[in-house]
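Let's walk through this structure together, one set of side-chain contacts at a time. Have the model open as you read.

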Amino acid sequence: MSTGPSPSEESRQAGREQLERWVLDFTDAFNRDDLDAVMGWFHPDAVYETYDGVHCRGLAAIRAAFAPQFRGDFGRIRFLTEDLVVDAPAGKVVLRWRCQHDLSGPGALKPWLYRLMYGRDFGWYGLDVLHWENGRLREKRTYAQAGLPKVRRGPA
């Protein structure tokens with residue numbers, strides 16, 4: 001008669017819990033507006049694919065892609081976790097989120113224009129496919145709900 005999980009089930013669960021913790025801590029760094037902490041999660045040769053299909057490789061390119069967000073170009077942004085799907089043996093997590101914008105503070109031209117179009121608060125949905133390796137992000141691929149799909153010419 002079994003009284004609990006087998007050692008392999010325990011190690012698999014520990015891997016799952018560790019991945020969930022990393023993802024939540026990574027998201028928390030975004031929500032604290034801490035770009036240095038966000039960058040600390042990335043492998044030096046990581047790949048980040050933005051929601052609009054731009055590929056960024058390496059820490060400098062990834063930091064540059066995040067700079068407008070952390071500068072406040074789109075107001076105050078918070079990622080609200082909706083769902084996590086974890087594949088612990090593969091080191092992969094799919095994170096579904098709502099990106100909530102708060103435009104109530106003073107801002108530059110972009111936030112002001114967004115406020116005219118959407119109001120003080122608005123949000124949109126998306127997901128990240130995160131590939132983890134030894135506690136660091138190897139890949140972050142972002143997909144978002146949009147009015148029009150991102151279309152690429154040529155073969156896949």
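Aspartate 33 and arginine 78 make a salt bridge, with their closest N and O atoms 3.0 Å apart. (The rule here asks for a side-chain nitrogen of Lys or Arg within 4 Å of a carboxyl oxygen of Asp or Glu.) Before going on, keep in mind that this is a predicted model, where local features need pLDDT of at least 70 and side-chain atom pairs count only at pLDDT 80 or more, while totals for chains, interfaces and linings use all residues. Residues are numbered from 1 along each chain as its sequence is written, and side-chain values use heavy atoms, with hydrogens and water left out.

Helices (H or I, at least four residues) and strands (E, at least two) are DSSP runs, numbered from the N terminus.

Another one joins arginine 57 to aspartate 45, at 3.5 Å from N to O. Arginine 57 belongs to strand E2 (residues 55-57) and aspartate 45 to strand E1 (residues 42-49), so this pair ties together parts that are twelve residues apart in sequence. Arginine 57 is exposed at 53% relative accessibility, and aspartate 45 comes out partly exposed at 37%.

Now look at aspartate 128 and lysine 140, whose closest N and O atoms are 3.2 Å apart in a salt bridge. Here the link runs between strand E5 (residues 121-133), which holds aspartate 128, and strand E6 (residues 136-144), which holds lysine 140; the joined parts are twelve residues apart in sequence. Both aspartate 128 and lysine 140 are buried. Elsewhere, Asp28, Arg32 and Asp34 are connected in a salt-bridge network.

On to the rings. A search of the whole structure turns up 14 aromatic pairs. Rings of Phe, Tyr and Trp (its six-membered ring) pair if their centres lie within 6.5 Å; planes under 30 degrees apart count as stacked, over 60 as edge-to-face and the rest as tilted. Phenylalanine 30 and phenylalanine 66 are edge-to-face because their planes meet at 85°, with the ring centres 5.2 Å apart. Phenylalanine 30 is in helix H1 (residues 7-31) and phenylalanine 66 in helix H3, so the pair ties together parts 36 residues apart in sequence. Phenylalanine 30 is buried at 5% relative accessible area, and phenylalanine 66 is buried at 2%.

Phenylalanine 66 also pairs edge-to-face with phenylalanine 70, at 6.4 Å centre to centre and 70° between the planes. These two both lie in helix H3, four residues apart, or about one turn of the helix. Phenylalanine 70 is buried too, with a relative accessible area of 18%.

One last stop in helix H3 (residues 59-71) is glutamine 69. What does glutamine 69 contact, leaving aside its neighbours within four places in sequence? The partners are Phe30, Phe74, Ile77 and Phe79, where contact means heavy atoms within 4.5 Å. Glutamine 69 counts as buried, because its relative accessibility is 16%.

Definitions and conventions:
Buried means under 20% relative accessible area, exposed over 50%, partly exposed in between (1.4 Å probe, protein chains only).
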